[in-house]
Amino acid sequence: MASRIVIVGTGQGGFQVAASLREAGHEGPITMVGDEPGLPYQRPPLSKAFLKGTVTVEGLLLRPAALYERLRLEVLSPVRVEAIDRAAHCVRLSNGQALPYDHLVLATGARVRWPDVPGASLKGLFGLRTLADAQALRERIGHAQRIAVVGAGFI
């Protein structure tokens, strides 16, 4: 029986691992688990083309849905990995499911890190890491009178 691979993370890194495994000839099941809804998407355009409205949500996708089917990649979303049981070789998911694996890949990426400073919880502050973040910011940015950017990440 071919080994079961679980990839925690549905970002570009997780997708690339899955695609590379298939390209290298892995025939066993590959399951990607991500806490955001939908298929893996590109993050850099969130702060540029998506905010300007020159790219759609579909235009952000790393690959079309048909490719995941052709490569036999299962994407479980939105669901979080709540625990890793190394002894039992399974991950426990937020939906109650236990997902067995032979090999586990952690490709979780990063999260917005809010500074611990006065005012960090004021209304009108936005993190920008996810599609949901970009959509919320895009709805409000046209009404802004002043904008400050804190941070200089890749996005």
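The chain exposes about 10000 Å², of which carbon and sulfur atoms supply 54%; such accessible areas come from the Shrake-Rupley method with a 1.4 Å probe, and for residues only the protein chains shown count as cover. The model is predicted, so that local features need pLDDT of at least 70 and side-chain atom pairs count only at pLDDT 80 or more, while totals for chains, interfaces and linings use all residues. Residues are numbered from 1 along each chain as its sequence is written, and side-chain values use heavy atoms, with hydrogens and water left out.

Along its principal axes, the C-alpha trace spans about 60 × 35 × 25 Å. The chain contains five helices and seven strands, in the order β-α-β-α-α-α-β-β-β-β-β-α along the sequence. Here helices (H or I, at least four residues) and strands (E, at least two) are DSSP runs, numbered from the N terminus.

Of the 155 residues, 30% count as buried, a term that means under 20% relative accessible area, whereas exposed means over 50% and partly exposed lies in between (1.4 Å probe, protein chains only). In soluble globular proteins, nonpolar side chains tend to be buried together. A nonpolar core is a set of buried Ala, Val, Leu, Ile, Met, Phe, Trp, Tyr and Cys residues joined through side-chain atoms within 4.5 Å. The largest one in this chain has twelve residues, including Ile5, Phe15, Ile30, Leu62 and Tyr68. Two or more residues of this core come from each of β1 (5-8), α1 (12-23), β2 (30-33) and α4 (65-70); the largest share, three residues, belongs to α1. Apart from this core lies another, of nine residues, among them Val8, Val79, Leu93 and Tyr101.

Leu62, a member of the largest core, touches Gly11, Gln12, Phe15, Pro40, Tyr41, Gln42 and Tyr68, not counting residues up to four places away in sequence. Contact here means heavy atoms within 4.5 Å.

Strand β2 also holds Thr31. Thr31 counts as buried because its relative accessibility is 6%. With residues up to four places away in sequence left out, Thr31 touches Ile5, Val6, Ile7, Glu74, Leu76 and Leu99. The side chains of Thr31 and Glu74 are joined by a polar contact of 3.2 Å.  A polar contact is a pair of N or O atoms within 3.5 Å; within protein, one must be able to donate a hydrogen and the other to accept it, and residues adjacent in sequence count only if both atoms are side-chain atoms.

Ala148 lies in the segment after α5 (131-141) and counts as exposed because its relative accessibility is 71%.
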